[in-house]
Amino acid sequence: MLKPVPMLRTERLQLRSLTLRDSDVIFSYFSQPEMTRFYGMEPFQTRIEADKFIKDFIDDYTSLYRWGIVEKETNSLIGTCGFHAISEKHQRAEIGYEIDIPYWGKGYATEAIGALVHFGFEAMNFHRIGANVYPENVGSRKVLEKLGFTYEGLLRGYLYQGGTFHDANVFSILREDLGK
């Protein structure tokens, strides 16, 4: 596997390594309940939680890879994306991502995840990339479908958040799906 995460570029975005300097921005958006509603975690209460979020990714670039999503025009961090549950043996990983609320609906998630998927197949030699999404998260479902992910089914009671178990929709894309 690759270490550290290389910089990726798209038309409007730059995907770069996260640093503790990103803590204020990450705290500001992860402290909003609307941002964490479909993320599988509770809203941050302190900046220390944002520091830990970043540090966990920095310290574990074996089974986790996370990029900061930066809008080129403003040089603003607008979200993060990356791979987790990586299996070298099975050549697969799952993706996760979030975009700050003011940037929703502008195609940034599709652009960032498209670059991530391409990188995963080409540079990390994945055969399969999966994603687990709350059924209510219609925006995320649209992003995945736009990129060619296939809906595979429902994982019942898969995520625990807010004192309740939640279902998750499973999506995946295979390397050979890119040519279709």
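Tutor: Let's start with β5 and β6, which pair in the parallel sense over three bridges. Helices (H or I, at least four residues) and strands (E, at least two) are DSSP runs, numbered from the N terminus, and two strands pair if DSSP finds at least two bridges between them. This is a predicted model, in which local features need pLDDT of at least 70, side-chain atom pairs count only at pLDDT 80 or more, and totals for chains, interfaces and linings use all residues. Residues are numbered from 1 along each chain as its sequence is written, and side-chain values use heavy atoms, with hydrogens and water left out.

To find the pairing with β6 in your viewer, look for Ala 93, whose bridge partner in β6 is Ile 129. Together, β5, α4 and β6 make a right-handed β-α-β unit. Right-handed here says that, with the strands pointing away from the viewer, the path from the first strand over the helix to the second runs clockwise.

Now turn to β4. Seven bridges join β4 to β5, and these two strands run antiparallel.

How many of the eight residues of β5 are buried? Six are, so the strand is mostly covered, with buried meaning under 20% relative accessible area, exposed over 50%, and partly exposed in between (1.4 Å probe, protein chains only).

That brings us to the largest nonpolar core, which has 34 residues. A nonpolar core is a set of buried Ala, Val, Leu, Ile, Met, Phe, Trp, Tyr and Cys residues joined through side-chain atoms within 4.5 Å. Ile 95 is among the residues with the most contacts inside this core, as are Trp 67, Cys 81, Phe 83, Ile 129 and Phe 149. Elements giving two or more residues to the core include β4 (76-87), β5 (92-99), α4 (108-122) and β6 (128-133). The largest share, eight residues, comes from α4. There is also a second, separate core of 14 residues, which includes Ile 26, Phe 44, Phe 57 and Val 70. As background, nonpolar side chains tend to be buried together in soluble globular proteins.
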